[in-house]
Every structure is written in C-alpha cells, then in structure tokens.
Amino acid sequence: LVRARDRAGLRAALAELGEALGRGNLPEGVRIHRGTPGSGRPAFVYPGQGSQRPGMGALYYRLSDVYRGSIDRSHERSLALFDASPRDYLLAEGDYAPDDDAAGGSASVRIDAPVDVVQPAIFMQMLGMVAMWNAAGVHADIHLGHSQGEIAAAVAAGAISLDDGLRVVTGRARLVRDLSPEGYAMAVLGIDREATAAIIARRSGFVEHSVVNSAHIQCISGSQGEVHAVVEQLTEAGTFAREIRVAYPAHTSIVGMIAADRVAYLADNDSTTFLDTGDLCIGGTLGGPITSDISPVDYWYLNLRNPVRFDLATAAALEAGADVLIEVSEHPTLQLALLENISEARGAGAAARVIGSSRRDAEDLAVFADSVADVLTRSADFDFTALCTAGAGSTLPEGFPPAPMARSVLWAPPLRPSRRTPGRPAPTRLIARWVDP
C-alpha cells in the first residue's frame, strides 16, 4: 500500500519501491505485508495506568473530529454524573496547562494529578482512539483489557454502558484515593515468574507479585521501601527494573480493605449484569473472557484486587482468532509483552501482528495513518467504504483522500480445451516467485 498526498508523491514512491525492497527498507508512506493476508480480525488492546501525562489527548482532540466527539460525550456524561471531568488533564488545560518557567523560559506541566483524575482520563482517551479506528473502517469484535483498561474495553464491547464505565472508573479511583494507604509503589521487572517469586521470598517487608504481562515482564506492588530495594537490586545486576507511576498497592491483598465499600460506587448502575453484545471482552482479571456468572460489582472489585494475568488474556484472544493486536493508546506500553506472548503461542496465533496507534512524539496524524495502513495490508478483505466518508477524511488527512477504491481483475480467464484454436499451441501458465538475492 502506497500512501501519498498527490500524484507526484505516488510516482516517487513507486519509483523507489523496487530499490527499497532490495535494501530491506521502504520509502515513507509505503506499507507491505509479506506472506498470506490474514483474516483481518483485529483485537483492540486497552492498557492500564502508568504512562499517562497531561495533554496526552491534545493532538487528537485538535485534529480528529471523531476523537473530539468521543471525548466531549464522555466529558458531558462525567459532568452530569460527578460534576467533574478529567478533560482538562487530557488536553493540558486549566490547572494542567503548561506554566512558564521563570528561570529558563521553558514550559513545564504539572504531573501530580490524583488517581481519580488520571484513571478517568485514560479511560476517555482509549474510547476516543477506538472512535478514530472505527472511523477509518477498522472495527474489532475482540477487546483485550489490562487492569483498569478492562473498563474501557467493556464499554467499547458493549458489555456495559458509557455511564456505567464512568461510574466504575471514577468511583473506584475515588475509593483508592480515599481509602488506600500511603507509601506504596509499583515497578515493572524484566524477569520471569520464578525469579520474581525468589526475590519476594527474601523480602521481609510487604511486596507482592501483582502483574504477569508475559514470560519475562512482571510487576510487583508493595511498600515504597521494598519496591525501591528490588529495583535497585536488579538494576545493579544489569537487569531491567523501573518504578511506574502508580502510588497505591494495586492488585494485592491490601485492596481487600475496600471490599465493604465496593458496592457504593456501583449502586446506581444501569445494569446489574454484563450485556451480551456478541463481542468478546477478555481481561487480565480472570485471564480470559468476562463471563455472565459473575456480577459487575464483584468483577470490578476483583479487577483491582486480583493479580493481572495479561499473559493468559493475550493467549485467549489469539485462540479466539485475533491476528492483529492494536493497542489503543497514545504511546505503546504493552507491545513487548504482546510480542512475547505471541512468540509463546501455537498455531495461527503465532503469526499475529502487533500495531500501535500513535507515539508520544507525534506531531500530526501521520503515525496513526501508517498504523491504519498496516492493518489494510494485513487484511485480505478490508472494507474501504469508511475511507470514502467525511469522518475518515478528518481523521486520516495524511494520504488517505476520500476516493472510492476500484477493484479490477487483471488476469485473463483460463481457456477451456474446447475453445482452443486448431493449430495453435496450448496456453502455458507462468509462475513468478520472489527470491532473495
């Protein structure tokens, strides 16, 4: 797929393509899928907390009509339900607008937002990016959630309403803010489960294994002193370890202290059961699909208390037929874990592809457009209709003009023996294959 703004750009890309294939790199705006096109069954992946920042949605809010519409809907419903909204944090406005640094003349942004601002902002951000993908014609019937990302996944899948999703993400975050003890931290470790257990076994303070992202990407939660000591120990040994921006003991036994209050933030829910919409909603809470034998009240409590089994959840999505895993976030956070989980998979799942939505350093929607192009080249029967609409044009301005796609069969039909002209040789079928130089 060649993505070009005009005819001159298209001709230049085609001229470079042959030479670029030989070098192993591609011209800007060109995407190629090597191998048999897949079923084109994407799964949206919804990450949890940790990589948030003020202004993470500002670019998309400014450039994408559908993203802006999604954020404004969530903003209005949040104001109606709570008389508060995290939109200022999402857009780096109001209290979260950049401040001029008197000393250096540069701008700085507040990053000390409370959890009841951060988590709803991440929730709104992911739903906005799903709207962008849908406007581009990319829809998913598999939704894979990590930790609090499961709340947005459930809304996108239709398992709960938008209002219920806002109630859960905001109410639960407020409980964490009000009831969770202070002095706790989380960290991600580049080791396996056994090594994590061995480290925890030698610590006398409180620390627990809280997340299994993949075979060699784990998370721990516990007191700040213990978490910092583990990070320092592994860093000195040359092993990756880094504290993440979560200041409460998520996915540990301490979350049990809020069990008595877990009904409060769900008391006014529109529904007491998950809705069956035909979409598959998979999460790390149970390491598999959300099932009807557990109530939303209990599920969202377990979602905060249980260790996250993202490894099992990814395997369940691959087994369900997902062959493209699309992370709906401003910047990739789960791609290494997804790639390792795919490498552990067997059968068709081992050929799945991981695609991000954008990057933190993006200055326009070109990165998102490239990601859409990756999905188009992956699918054998992609429906291009959405790309011809005004909505897609506003979301994909970089080389996706709203022009209809023409499908033409260029191969001559085979000649039957009865139609051969006497005296002429039978037609010969020629087969061409690419070979490595």
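Trainee: Where is D192 found?

Mentor: D192 lies in the loop between strand 5 and helix 8 (193-201). Helices here are DSSP runs of H or I with at least four residues, strands are E runs of at least two, and both are numbered from the N terminus. Keep in mind that this is a predicted model: local features need pLDDT of at least 70, side-chain atom pairs count only at pLDDT 80 or more, and totals for chains, interfaces and linings use all residues. Residues are numbered from 1 along each chain as its sequence is written, and side-chain values use heavy atoms, with hydrogens and water left out.

Trainee: Why is D192 called partly exposed?

Mentor: Buried means under 20% relative accessible area, exposed means over 50%, and partly exposed is in between (1.4 Å probe, protein chains only). D192 has 26%, so it counts as partly exposed.

Trainee: What does D192 touch?

Mentor: Leaving aside residues up to four places away in sequence, D192 touches A215, H216 and Q218. A contact means heavy atoms within 4.5 Å. The C-alpha atoms of D192 and I217 are 6.6 Å apart, although 25 residues separate them along the chain.

Trainee: What joins strand 5 to strand 7?

Mentor: 6 bridges join strand 5 (residues 184-189) to strand 7 (residues 217-223), and the two run antiparallel. One example is A185, whose bridge partner in strand 7 is G222.

Trainee: What makes strand 8 and strand 11 edge strands?

Mentor: The open sheet has 5 strands in the order 8-5-7-6-11, with mixed pairing. Strand 8 (241-244) and strand 11 (308-309) each have a single partner strand, so one side of each is left without a neighbour in the sheet.

Trainee: Why are the rings of W133 and F368 called edge-to-face?

Mentor: Rings of Phe, Tyr and Trp (its six-membered ring) pair if their centres lie within 6.5 Å; planes under 30 degrees apart count as stacked, over 60 as edge-to-face and the rest as tilted. The centres of W133 and F368 are 5.0 Å apart and their planes are at 70 degrees, so this pair is edge-to-face. The pair links distant parts of the chain, with W133 in helix 5 and F368 in helix 13 (residues 366-378), 235 residues apart. Both W133 and F368 are buried.

Trainee: Which residues touch the most other members of the largest nonpolar core?

Mentor: W133 again, together with F44 and F123, in a core of 94 residues. Helix 5 (residues 115-135) gives the largest share, 13 residues. A nonpolar core is a set of buried Ala, Val, Leu, Ile, Met, Phe, Trp, Tyr and Cys residues joined through side-chain atoms within 4.5 Å. Among the contacts of W133 are F44, V138, I326 and F368.

Trainee: How do you know that helix 10 is mostly covered?

Mentor: In helix 10 (residues 296-305), 7 of the 10 residues are buried. Among them are Y299, W300 and L302. Their cover includes helix 6 (149-157), helix 7 (162-179) and strand 9 (280-283). Y299 and W300 also form one aromatic cluster with F274.

Trainee: What makes R68 sit over the ring of Y61?

Mentor: A charge sits over a ring if NZ of Lys or CZ of Arg is within 6 Å of the ring centre and within 35 degrees of the ring normal. The charged end of R68 is 6.0 Å from the centre of the Y61 ring, and it is listed as sitting over that ring.

Notes:
Two strands pair if DSSP finds at least two bridges between them.
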